[in-house]
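Please read the report below alongside the sequence and the 3D view.

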Amino acid sequence: MIQRGLLVVLSGPSGAGKGTVCKSLLPSTEGLSYSISCTTRAPREGEMHGVNYFFLTPERFEEMIGNDELLEWANVYSNYYGTPVKYVEDKLAAGENVLLEIDIQGALQVKRKYPNGVFIFLIPPSLEELKKRILGRGTETEESFKLRFGAAAEEMEYITEYDYVVVNDEVEKAVEKIRSIIVAELSSVKRNREYYMKLIREGQKDAVSFD
Ligand code: ADP
Ligand code: 5GP
């Protein structure tokens, strides 16, 4: 019997460091796969189709919505973003843990469908530091900077919907905290009650056949 994988959802304001943290977390955490999202936003310099995102036209994205190919989707900062359902479902069914790096609207949709997931909110040490990080990344126009930074304070209000908050002061410390959360959640009896009950029942069956 394969134990279903754990779904890990990471959200937080733009510029908090989600991408940076994921980049370090993924290669150093066994059994954790990254779900590549679809988006209609333009690729940033160095971003590649099928690596960072699947970059789609709005028409193709809307087709995916119509075909129920997305686990969740949202309009974030004036572009569509969504999670292809098949990859996530296949990995979880195979017992692999899956990491989604998605916005709050998407996380709330996922929470309704996968209440057993673990929801982590990554925050910067301060709004001033957030501003520095978004500007320091050098990827935004003035308009998209305003949109992202302006949304941050409002986004922070959703912290209470999450299970854990991690402050990204130093990347490696934040990565270590997230890894610890995953390790603890994988050992949680409450989360795995059904699996253990089934094991126990099967164990009893074996015991009977030994008589
Ligand atoms: P997000 O994915 O949340 O939008 P990024 O990972 O793109 O954020 O990070 C935004 C910027 O902040 C990047 O230039 C990144 O190098 C920088 N950054 C991320 N984490 C830290 C940190 N702990 N300390 C300093 N700078 C950071
Ligand atoms: P960025 O354009 O900076 O890569 O991402 C902008 C926002 O979209 C971030 O908050 C990021 O977490 C979110 N995002 C990325 N992929 C998805 C997705 O598949 N679904 C949703 N709902 N949000 C996403």
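## Ligand 2 and its surroundings

A polar side-chain atom of T83 lies 3.4 Å from an oxygen atom of ligand 2. This is a polar contact, meaning a pair of N or O atoms within 3.5 Å; within protein, one atom must be able to donate a hydrogen and the other to accept it, and residues adjacent in sequence count only if both atoms are side-chain atoms. The side chain of Y53 also has an N or O atom 2.5 Å from an oxygen atom of ligand 2. For the side chain of R148, the distance from an N or O atom to an oxygen atom of ligand 2 is 2.9 Å. On its own, ligand 2 exposes 510 Å², and the protein buries 95% of that area. Accessible areas come from the Shrake-Rupley method with a 1.4 Å probe, and for residues only the protein chains shown count as cover.

There are 17 residues around ligand 2, and S37, R41, Y53, Y81 and E101 come nearest. A residue is counted as near a molecule or strand if one of its heavy atoms lies within 4 Å of it.

## How the model is described

This is a predicted model, in which local features need pLDDT of at least 70 and side-chain atom pairs count only at pLDDT 80 or more, while totals for chains, interfaces and linings use all residues. Residues are numbered from 1 along each chain as its sequence is written, chains are lettered from A and ligands numbered from 1 in the order in which they are written, and side-chain values use heavy atoms, with hydrogens and water left out.

## The chain as a whole

The secondary structure of the protein chain consists of eight helices and nine strands. Helices (H or I, at least four residues) and strands (E, at least two) are DSSP runs, numbered from the N terminus. Along the principal axes, the C-alpha atoms fill a box of roughly 75 × 40 × 30 Å.

The chain has 211 residues, and 43% of them count as buried. Buried means under 20% relative accessible area, exposed means over 50%, and partly exposed lies in between (1.4 Å probe, protein chains only). The accessible surface of the chain is about 11,900 Å², and carbon and sulfur atoms account for 54% of it. Of the contacts with a separation of 6 or more, 67% are between residues 24 or more positions apart. A contact here means heavy atoms within 4.5 Å.

S37 is in strand β3, which covers residues 37-39. S37 counts as buried because its relative accessibility is 6%. Leaving out residues up to four places away in sequence, S37 touches Y53, F54, G82, T83, P84, E101 and I102.

S35 is placed in the loop between β2 (32-34) and β3. With a relative accessible area of 2%, S35 is buried too. Under the same exclusion of residues up to four places away, S35 touches T83, Y87, V88, V98, L99 and L100. The C-alpha atoms of S35 and K146 are 28 Å apart, and these residues are 111 residues apart along the chain.

## Ligand 1

Around ligand 1 there are 14 residues, of which G15, K18, G19, T20 and R137 come nearest. A polar backbone atom of G19 is 2.8 Å from an oxygen atom of ligand 1. A nitrogen atom of ligand 1 is 3.2 Å from an N or O atom in the side chain of R133. A polar backbone atom of V171 lies 3.5 Å from a nitrogen atom of ligand 1. Ligand 1 has 570 Å² of accessible area on its own, and the protein covers 73% of it.

## Salt bridges

The whole structure has 14 salt bridges. A salt bridge is a side-chain nitrogen of Lys or Arg within 4 Å of a carboxyl oxygen of Asp or Glu. R44, R137, E140 and R148 are linked in a network of such bridges. Within it, the side chains of E140 and R137 meet at 3.0 Å, N to O, and the closest N and O atoms of R148 and E140 are 3.1 Å apart. Both R148 and E140 are buried, whereas R137 is partly exposed, with a relative accessible area of 34%.

Another salt bridge joins the side chains of R60 and E63 (2.9 Å, N to O). R60 and E63 both lie in helix α2 (residues 58-66), three residues apart, which is about one turn of the helix.
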